[in-house]
Amino acid sequence: MAGYQFADIEAKWQKYWEDHKVFQTPEVPDETRQKFYILDMFPYPSGVGLHVGHPLGYIATDIVARFKRMRGFNVLHPIGFDAFGLPAEQFAVEHGVHPRITTERNVGNMLRQLKKLGLTYDWDRVFSTTDPGYYKWTQWIFLQLYSSYYDPESRAARPIAELVEKIEQGRAGLDVEWDRLDAAEREEVLASHRLAYMAEVDVNWCPALGTVLANEEVTNEGRSERGNYPVYQRPLRQWMLRITAYADRLEDDLELVSWPEPIKMMQRNWIGRSEGALVDFPLDDGSDSIRVFTTRPDTLFGATYMVLAPEHPLVEKVTSAEQEAAIREYQRMAAGLSEVDRMADAKRKSGVFTGGYAVNPVNGERLPIWIADYVLMGYGTGAIMAVPGHDQRDFEFAKQFDLPIRIVVMPPAAWLGSKGVSKDDYEKNAEALEDVFDGDGISVNSSGSGVSLDGQPSDEAKRSISDWLEQTGQGKREIQYKLRDWLFSRQRYWGEPFPILHGPEGQIRPVDDDDLPVRLPDMEDFKPTASDDPDAPPRPPLGRATEDWRFVQIDGVRYERELNTMPQWAGSCWYYLRFIDPGNENQFVRPKLESYWMKPTGVDLYVGGAEHAVLHLLYARFWHKVLYDLGQVSTSEPFARLVNQGYIQAYAYRDERGVVVPADEVVDQDGRPASDVQDQSDRRYFWDGKPVRQEFGKMGKSLKNATGPDEVSTEYGCDTFRLYEMYLGPLEASKPWSTRDIIGVHRFLRRVWRNLVDEESDAMLVDDGPPTEALERAMHKTIKRVTDDLERLSFNTAIAALIEFVSEIVGLERIPRSIAERLVLLLSPMAPHISEELWRRLGYEETLGYEPWPTYDESMVAEEEITIAVQVNGKVRGSVTVAAQTPKDKVLARARAEENVARHLEGKTLRREIYVPRKIVNFVVQ
């Protein structure tokens with residue numbers, strides 16, 4: 001084999017690794033060695049396979065896994081597929097093929113692509129969420145949730161049997177006569193505490209897709225993200241998970257993990273913890289009261305009206321006869337809007353006055369009661385006190401409907417100055433402003449009914465008014481959350497069946513553990529029941545399953561199976577645990593193995609896209625905490641360290657309608673493929689003979705600008721592909737893709753080959769002689785740089801260090817063996833195929849995958865210091881002492897800053913800077 005034949009080399013070593021199971025993790029690891037669990041976020045088996053953006057994180061984790069093995073760690077590096085869910089089902093529906101067939105085909109294609117990248121996954125641990133042996137345990141975990149409740153005393157999940165015992169002993173703090181309740185009534189009490197329960201809730205119903213959608217699956221325009229169909233709000237009886245019970249722990253425990261701060265902030269915002277007060281506003285006839293939650297009780301004196309959600313139960317009571325028709329019409333309109341649409345921050349508000357009034361408890365004022373769609377029943381109490389002087393939404397609503405605006409918090413002078421108004425003008429003419437002050441300031445106009453806040457800073461005023469509310473019995477301190485319970489049902493076929501049976505009297509019976517898994521039945525007609533009618537009742541596809549599957553006879557009672565399926569999130573909530581013990585048929589994971597791989601703080605490194613920053617991570621953390629409380633896992637958090645890789649970006653093109661067209665079919669005005677154009681500026685582009693406009697964005701299906709890794713690897717080799725993706729820039733940064741630049745990395749690998757292998761004779765250009773001191777010192781510095789960079793996941797700088805070192809050996813007739821071996825080992829995590837081949841040619845019979853990582857001597861990496869004379873117009877004016885490897889710009893900066901040199905440069909025009917490396921600096925001035 002003459003020359004660098006990368007195709008043959010890569011095929012050879014990929015086969016060797018697979019045949020010999022080189023990177024298989026032992027089922028029972030050597031516990032005397034330190035572990036390192038590294039994981040990629042669960043990939044979805046797309047029908048189009050991988051594009052070059054997908055492997056960015058996979059290559060990064062593979063480099064770390066290889067590096068850690070050579071550092072002596074037991075490494076667990078698995079891969080699997082998140083294969084249930086709406087995208088797979090929609091793909092199957094659109095192509096008329098069963099989702100099981102399309103999923104298995106897509107998984108097979110992605111496995112082929114992943115193996116072709118030389119990734120060191122433990123291929124014996126691969127599974128999909130669609131495997132019955134996996135979703136058996138997803139169903140089992142759901143049953144743990146169903147059979148548990150959250151105990152506020154211990155702040156942990158406990159078996160529901162313990163709650164029953166407490167109720168029977170009168171220790172539960174519940175006002176129920178347990179002995180007098182029948183079975184259905186008892187279950188109703190328990191359902192209000194279970195972590196998995198059924199409830200009628202308002203949901204995002206998409207008739208065209210025939211299913212409920214989560215908020216994140218609905219666009220801001222109130223349409224389905226997939227298919228762009230209308231979405232409506234309607235009440236449905238659904239399975240819910242009581243994630244709200246864990247809101248405090250989900251927020252507080254973010255301090256335990258090493259995650260990017262923006263991701264933590266997104267989770268905190270989603271949880272939405274708010275400290276404030278519950279306040280009761282009596283109706284003016286004294287018949288009832290409206291309870292509101294506010295984070296700004298210090299602004300109570302500024303309330304000038306109230307707003308109820310259109311579906312609030314008090315709407316009917318407060319509505320006058322004159323307003324009844326308008327209220328009913330508005331309620332009908334609001335019911336047709338999705339929650340996402342109602343939450344949109346539109347400037348123009350809508351609402352209707354009910355004709356009723358409430359009384360402000362702090363000053364006795366009558367406040368008109370309105371309904372408006374920007375208030376949601378699912379948030380807070382479904383009612384707000386409107387303070388238009390200090391809340392932007394209320395301000396816009398008040399201006400639109402000519403309602404009073406009162407100032408009760410004086411802003412700092414700086415804020416007033418930015419608006420160009422005085423204190424007096426602001427207090428008297430707030431209506432004239434375009435926005436309002438909603439921060440902390442000093443209370444004004446806030447006295448009455450035995451309480452005064454005037455002159456108090458906002459924090460003090462909040463404490464004062466909260467004390468007064470509690471003392472007078474008109475309110476109390478309260479902590480609330482934006483987070484709501486997790487809607488866990490889907491009216492789809494392609495998902496995990498619930499392990500739940502429904503009896504003829506409405507009783508709920510969990511499937512026995514011995515009868516798990518409840519297998520998804522094979523059905524030819526798996527399509528959802530779609531319609532154009534927003535009021536059409538949901539008919540889950542499993543309702544068309546055979547009676548043998550749908551019905552179960554137990555002790556003479558005929559039960560029907562739950563016909564909804566779990567959402568896609570279910571399978572991805574706990575897959576990291578199953579990877580530890582994937583073949584276990586008797587337990588979801590053996591405790592001893594779980595403890596070894598997960599302690600002390602969970603998965604050591606978790607890499608994936610920021611698009612999963614909230615929901616997947618939040619849901620997985622919730623399930624993990626429940627399992628931790630129940631003694632099933634040993635850590636309170638699943639993922640110790642999180643890294644979000646950036647995106648690969650590429651040019652995309654839209655036609656005059658704004659529709660994306662295939663980027664690989666676009667040409668410039670000269671007929672050249674757009675991808676071949678060197679200078680992208682000042683070009684005109686065409687598709688199918690029609691002009692298109694160019695934009696830049698994330699590579700993927702949506703912009704039709706994807707490039708597959710197969711074609712790049714075929715032309716240049718997958719080692720080149722791996723190096724190029726890592727050399728583009730920091731892992732966390734988004735990067736532009738251009739195959740024009742990949743040739744530079746390919747030349748580097750060819751240079752490595754040519755320095756170690758004679759391309760004519762195919763013999764190694766290596767001898768056993770010692771290296772020069774300079775070369776040895778350069779090697780030690782390179783080892784340190786690459787080692788430190790890989791620990792920091794700074795792959796681009798590690799590659800740069802290797803490129804620099806290789807330039808040191810270019811031109812040497814023979815390379816010292818000790819230098820060649822260490823160079824190959826340093827290169828191997830990033831370019832494993834060429835490294836394995838060179839290692840074998842260096843005379844080794846075993847893979848280098850477990851060879852000890854090269855070490856360096858601190859004395860060899862210490863920088864040699866040199867003194868450089870500094871001249872001004874040829875006359876020596878001083879000197880500087882710097883490290884020998886100091887870059888030119890830093891040497892010049894040090895020279896300019898030297899006291900005597902600076903004095904001779906002052907007031908003169910610097911015309912030229914001359915630097916003779918390691919010898920002299922000369923500044924030419926006028």
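Helices α27 (residues 817-827) and α28 (residues 832-841) have axes that come within 8 Å and cross at roughly 155°, and the two helices are therefore roughly antiparallel to each other, a term applied to angles over 145 degrees. The model is a predicted one, in which local features need pLDDT of at least 70 and side-chain atom pairs count only at pLDDT 80 or more, while totals for chains, interfaces and linings use all residues. Residues are numbered from 1 along each chain as its sequence is written, and side-chain values use heavy atoms, with hydrogens and water left out. Helices (H or I, at least four residues) and strands (E, at least two) are DSSP runs numbered from the N terminus; axes are lines fitted to C-alpha atoms, for helices over the stretch in contact, with angles running from 0 to 180 degrees between N-to-C directions.

The crossing of α27 and α28 is left-handed, that is, the near helix is turned anticlockwise from the far one by less than a right angle. Glu821, Val824, Leu825 and Leu827 of α27 make the contact with Ile834, Ser835, Leu838 and Trp839 of α28, where contact means heavy atoms within 4.5 Å. By class, this contact of α27 with α28 has six nonpolar, one polar and one charged residues (Ala, Val, Leu, Ile, Met, Phe, Trp, Tyr, Cys and Pro count as nonpolar, Asp, Glu, Lys and Arg as charged, and the others, Gly among them, as polar).

Helix α27 also packs with α26 (residues 795-809), the axes coming within 11 Å and crossing at roughly 160°, which makes α26 roughly antiparallel to α27. The crossing of α26 and α27 is likewise left-handed. Leu802, Phe805, Val806 and Ile809 of α26 meet Ile819, Leu823, Leu826 and Leu827 of α27, and the residues of this contact divide into eight nonpolar, no polar and no charged.

Elsewhere, the axes of α4 (residues 99-116) and α22 (residues 709-716) come within 11 Å and cross at roughly 35°, in a crossing that is left-handed. Here Arg112, Gln113 and Lys116 in α4 meet Pro709, Asp710 and Thr714 in α22, and by class the contact of α4 with α22 has one nonpolar, two polar and three charged residues.

The second largest pocket has a volume of about 1200 Å³. On a 1 Å grid over the protein atoms alone, a pocket is an open set of points where a 1.4 Å probe fits, with protein on both sides within 12 Å along at least five of seven lines, and lining residues have an atom within 4 Å of a point; grid points are joined across faces, edges and corners, and the volume is the space filled by probe spheres set on the points. The lining of this pocket comprises 36 residues, of which Phe293, Thr295, Ile384, Asp391 and Arg393 lie nearest its centre. At least two residues of the lining are supplied by each of α9 (261-271), β9 (289-294), α12 (339-343), β13 (383-386) and α13 (392-401), and by class the lining has 13 nonpolar, twelve polar and eleven charged residues.

Some backbone features lie in loops. A cis peptide bond joins Leu516 and Pro517, with omega about 0°, and Pro517 is found in the loop between β21 (508-510) and α17 (547-550). The peptide bond from Lys599 to Pro600 is also cis, with omega near 5°, Pro600 being located in the loop between α20 (591-598) and β24 (605-608). Asn445, a residue other than glycine, has a positive phi near 50° and is found in the loop between β15 (442-443) and β16 (447-448).

Conventions:
Parallel < 35°, antiparallel > 145°, perpendicular 65-115°, else oblique.
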